[in-house]
Amino acid sequence: MDPNDEGKMERAKKFLGLSQDESEAVSRLAVPERQAGEGKSFYDTFALAGNRVVRVEPGLIVCNFKVPPRLTDRTGKLASGAIANLVDVAGISVDFVEGLPMNVSVDMSISHLSTAKLDDELEIISKRLGQRGGYTGTLVLVRNKATGEIIAEGRLSMFRTQASSKL
């Protein structure tokens with residue numbers, strides 16, 4: 001390890017304001033190298049593990065998700081970034097077509113209406129609102145499955161380039 005890297009790491013830890021326990025926990029994380037397209041990525045495992053698809057129809061996907069400790073903030077609630085990630089993935093997934101390029105989110109608006117706590121069971125409903133050319137709009141609703149309380153509502157604007165052959 002380069003001696004300068006150690007100083008940079010210490011400055012980063014100080015900037016982030018991690019406690020000694022948090023800092024030690026992060027330094028113990030082992031993220032193995034992997035080749036692109038080979039098995040699940042760190043992102044898949046960390047952010048999406050536990051998201052279960054329960055219903056699929058044209059233009060509609062319904063998933064269940066139990067809030068895990070790894071996605072909670074210091075107060076024990078589902079982190080805002082985790083909610084944004086779930087909304088983005090659910091919104092894109094409703095318009096996934098195998099063999100075509102993935103949609104790219106070009107605009108996302110999320111209203112955070114309530115909070116979800118550790119171990120809350122959430123229902124995530126993603127519905128296509130409309131499509132014109134390469135543009136698709138979706139609505140994503142995240143709600144507490146037990147109480148029906150709406151946690152967040154998101155709207156996504158996505159774009160997919162039209163596939164063309166250069167042959």
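D119 is found in the loop between β3 and β4, where helices (H or I, at least four residues) and strands (E, at least two) are DSSP runs numbered from the N terminus. Phi of D119 is near 75°, a positive value in a residue other than glycine. D119 counts as partly exposed because its relative accessibility is 45%; buried means under 20% relative accessible area, exposed over 50%, and partly exposed in between (1.4 Å probe, protein chains only).

The model is predicted, so that local features need pLDDT of at least 70 and side-chain atom pairs count only at pLDDT 80 or more, while totals for chains, interfaces and linings use all residues. Residues are numbered from 1 along each chain as its sequence is written, and side-chain values use heavy atoms, with hydrogens and water left out.

**Overall architecture**

Four helices and six strands make up the secondary structure of the chain. Along the sequence they follow the pattern α-α-α-β-β-α-β-β-β-β. Of the 167 residues in the chain, 28% are buried. Among contacts (heavy atoms within 4.5 Å) between residues at least 6 apart in sequence, 59% join residues at least 24 apart. The accessible surface of the chain comes to about 11,300 Å², and carbon and sulfur atoms account for 55% of this area. Accessible areas come from the Shrake-Rupley method with a 1.4 Å probe; for residues, only the protein chains shown count as cover.

**The sheet**

The six strands form an open sheet in the order β1-β2-β4-β5-β6-β3, with antiparallel pairing. Its edge strands are β1 (52-57) and β3 (104-112), each of which pairs on one side only. From one strand to the next, the twist averages 15°; axes are lines fitted to C-alpha atoms, for helices over the stretch in contact, and angles run from 0 to 180 degrees between N-to-C directions. Two strands are taken to pair if DSSP finds at least two bridges between them. In general, strands of a sheet pair through backbone hydrogen bonds, either parallel or antiparallel.

Strand β2 (residues 60-66) runs antiparallel to strand β4 (residues 121-132), and seven bridges join the two. Within this pairing, C63 has I124 of β4 as its bridge partner. On β5 (residues 135-144), β4 pairs in the antiparallel sense over ten bridges, and R132 stands opposite Y135 in β5. The hairpin of β4 and β5 has two residues between the strands, and G133 takes a positive phi near 60° there.

Nine bridges join β5 to strand β6 (residues 150-159), again in an antiparallel arrangement. V142 has A152 of β6 as its bridge partner. Five residues separate β5 and β6 in their hairpin, and G148 in the turn has a positive phi of about 80°. Strand β5 is mostly covered, with seven of its ten residues buried.

**Salt bridges**

How many salt bridges does a search of the whole structure find? The search finds five, a salt bridge being a side-chain nitrogen of Lys or Arg within 4 Å of a carboxyl oxygen of Asp or Glu.

| Pair | N to O distance |
|---|---|
| R52 and E121 | 2.6 Å |
| R55 and E57 | 2.9 Å |
| R128 and D95 | 3.1 Å |

The side chains of R52 and E121 meet in a salt bridge. Because R52 lies in strand β1 and E121 in strand β4, the pair ties together parts that are 69 residues apart in sequence. R52 is partly exposed at 37% relative accessibility, and E121 is partly exposed at 24%.

In the salt bridge of R55 and E57, R55 is partly exposed at 41% relative accessibility, and E57 is partly exposed at 37%.

R128 and D95 also meet through their side chains. R128 lies in strand β4 and D95 in the loop between α4 (80-93) and β3, so this pair ties together parts that are 33 residues apart in sequence. R128 is partly exposed, with a relative accessible area of 27%, whereas D95 is buried at 4% relative accessibility. A network of salt bridges links D95, R128 and R160.

**A nonpolar surface patch**

Which residues form a nonpolar patch on the surface? They are V104, V106, Y135 and F159, with about 370 Å² of accessible area together. Patches are made of residues with over 30% relative accessible area and no salt bridge; like charges are joined within 9 Å, and nonpolar side chains (Val, Leu, Ile, Met, Phe, Trp, Tyr) within 5 Å. Y135 counts as partly exposed because its relative accessibility is 38%.
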